[in-house]
Amino acid sequence: MKEVPVKSKELVPSKRIENFDEVVLGYAEGEALAEAERCLQCRNPACIAGCPVGIDIKKFIKEITDKDYKKSYFTIREKNDFPSICGRVCPAEYQCRKRCVLTKKGLPFASEEAINIHFLERFAGDYGIENSLEVPVEKDEKLSKFKVAVVGSGPAGLACAGELARRGIKVAIFESLHKVGGVLQYGIPPFRLSRDVLDYEINYLKKLGVEFVPNYIIGKVKALNELFVEGFSAVFLGLGAGVPSFLGVKGENLCNIYSVNEFLTRVNLMSAYKFPEFHTPVNIGSRAIVIGGGNTAMDSARVALRLQKAGGIAPDTTILYRRTEIEMPARRLEIGHAREEGIKFRFLVQPEEFIGDERGFVRKIRCLKCSLGEPDSSGRRRPVPAEGSDFEIPCDLAVIAIGLSANQVLTSVTPELKTDKYSDVVVNAETMETSVKGVFAGGDIVGGEGTVIEAMGMAKKASQAIINYLLKLISQKG
Amino acid sequence: MGSRVVRIDISSPDIAGKAGPGQFVTLMVSEEGERIPLTIVDKDLAKGTITLILQEAGLTTRLLGALSAGDALYAMTGPLGHATEIKKYGNIILVGGGVGIAEIYPVARALKSAGNHVTAILGARTKDLLILEKELKAVTDELHITTDDGSYGERGFVTDVLSKFLADSVQRIAYSLIYAVGPLLMMKKVAVVSKPFNIRTIVSLNALMVDATGMCGCCRVTVGGRIKFSCVDGPEFDAHQVDWDECEKRNSIYEEKEKHICRLKI
């Protein structure tokens, strides 16, 4: 057994900040074999319990060491519809890898020694794509007369649509934006998730017969109940968490202060980094500040740095976070990538006010210094700002990346759809069914901001419940 | 650099079927294009079309103006935003400036048919840029026209007429609503003029937007001290509560880039 974990090849930092190309290149066969070989094949593998969808990790890794990559791909596909996507974006260091027996204890995340399960998953997933492996379609004649509407084309919607279409159900996915993929399209930058992978999965669904309807907002152009009138027998809501949170401090509406969603949407969805070839603009500054400690903060900081580079500005992007590095919810891999690219970090800092110039553009941020107090409801130590510790940071572009909450376009006009105090849709945890008969939900619209894999897990559970629901409709009709 | 006013009818039976007065669509001319919001001016349920009226100003509106009958847009979504609340208010004054006249037209028509006494004040820079005079005449009880250069109607700004009109008539007539759409400065001025008369004043803001479904916050505006998103909370807001100074500044965020792309592509 090799002791040293096999790292994935990556684009070198000095070059990759000149473009938006995917940074992690993934394992070649030899690297995958060497890393898979490190797996101890534990009798009671804890990693599987660490996976939100319970992928048989031990088995798929063994199949890699056996060089049966096809089998390995299908083992993952039993639980996860999109291994290539999850292998790239899953926060494995907080999930499966954290539970790996090789990880050193005492950290809130996996240590470097843990098996690189995510890279192996990506390897198997990409093998599946390269060899056009397809999970056999199990069409059920009884189900083929049904139409199901999926609202939202993010990870949850795509996964649910795929599961239903494979059983022969006609599926239409309604998407409000002009491109499908949800957060995979507008949120996650291409340097973290190649759009080729996303396109492959979308095309696969099209091949399965899934109909994509972009530019179509359920709740505006059609009410939820109208979908049933139009012949859909069930509906899955994968509405997502897309409403950006703001700090609620003075000066927050100054020019060049972006929500993380606006900044990433302009760049990822609207290709503002190709302005003026693409017509949507995005501004950049010489002192870019990103506020937050999650993955969207890392993503937007790395986008800002690339925009500085492209604009001929000396890269100068800083992440401000109220706690310390250890409490950051972002992936350790991406914190590392950001640091390698030259992103600076300032910890224990809380923004109090944005100060602008006479034209209304942000010029500096007044902050307070923090210390860490007792753990809060999230289990992380609470930042305590010190009164009178005010200081200013120069800033001519700010991105606020402190969280996202439920999309409310549909729920706000559908009173019969029960929501909780966070405006998330309330579901039966067993079936993912909402308060409206025949309407199911999953992803971030249930329980708030989560991960791609959690969204897919919920969607898969919902798809099974939808199938049961449809079968019941048949038996009721006799 | 002319500033043609262009009318476009777009086939979209679904949007036409749902569109209410005051609502808007976002559209993209091409895959490379911007998503821009435009108010739905009219709809034809029989034909399944909606009508947009716009003034050629930046790149996207010029690209729209250059389309020919039969061309297709890359994308269009709607109807977005809240529709105007249509009910019997009593006496109403509608103020439209420039291409904003097109935006008050569907509101005027709906309010008129709800039994209101509708007075409209329309303003344009010059006679040639005045639009929909005939149409508005048909759906209002009183119509006043102003041009900046005096080439038609009264010389001056709509707010001059509004100010005089209110001073003259407020003793005799109780106005329950003023509804104004036009350039930001005009709407701001309407708010200033109507404030002392204590008349509820609604404006439809033309904030910059991206997704226009509440996901980006580009269109945020401070109303009554609270952050609102024009796209999902608006586009109509209480004019007396809007932070106009902030609106003006936020609308100028991309001025330089807009000039740059216009120089390159027009």
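**Where the chains meet**

In this model, 33 residues of chain A are in contact with 36 residues of chain B. Keep in mind that this is a predicted model. Stay on chain A's side for a moment. Which element supplies the largest share of the side of chain A that touches chain B? That is H13(A), with four residues. Helix H13 of chain A covers 260–269. Strand S7 of chain A, at 243–244, also supplies at least two residues to that side. And the make-up? The residues on chain A's side divide into 13 nonpolar, 15 polar and five charged.

**A helix in chain A**

Next, helix H14 of chain A, residues 295–310. Now a check on its length. At 1.5 Å a residue, the 16 residues of H14(A) should span 22 Å. The C-alpha atoms at its ends are 22 Å apart, which agrees. Just after the helix comes Gly312(A), with a positive phi of about 70°.

**The seven-stranded sheet in chain B**

Over to chain B. A quick reminder: strands of a sheet pair through backbone hydrogen bonds, either parallel or antiparallel. Here, seven strands of chain B form an open sheet with mixed pairing. Read across, the order is S10-S9-S8-S7-S11-S12-S15. Which strands stand at the edges? They are S10, at 154–155, and S15, at 236–238. Each has a single partner strand, so one side of each is left without a neighbour in the sheet.

Let's zoom in on one pair in that order. Strand S11 of chain B, residues 175–181, runs parallel to strand S12 of chain B, residues 201–204. Three bridges join them. In one of these, Tyr179(B) has Ile202(B) of S12(B) as its bridge partner.

**Strands around S5 in chain B**

Last stop: strand S5 of chain B, residues 49–55. Strand S1 of chain B, residues 5–11, pairs with S5(B) in the antiparallel sense, over seven bridges. Look for Val5(B), which stands opposite Gln55(B).

S5(B) also pairs with strand S4 of chain B, residues 42–44. Those two run antiparallel, joined by three bridges. Here Asp44(B) stands opposite Thr49(B). How many residues lie between S4(B) and S5(B) in their hairpin? Four, and in that turn Gly48(B) has a positive phi of about 70°.

Definitions and conventions: Residues are numbered from 1 along each chain as its sequence is written. Chains are lettered from A and ligands numbered from 1 in the order in which they are written. This is a predicted model: local features need pLDDT of at least 70, side-chain atom pairs count only at pLDDT 80 or more; totals for chains, interfaces and linings use all residues. Two strands pair if DSSP finds at least two bridges between them. Two residues are in contact if their C-beta atoms, placed from the backbone, lie within 7 Å. Ala, Val, Leu, Ile, Met, Phe, Trp, Tyr, Cys and Pro count as nonpolar, Asp, Glu, Lys and Arg as charged, and the others, Gly among them, as polar. The expected span of a helix is 1.5 Å times one less than its number of residues.
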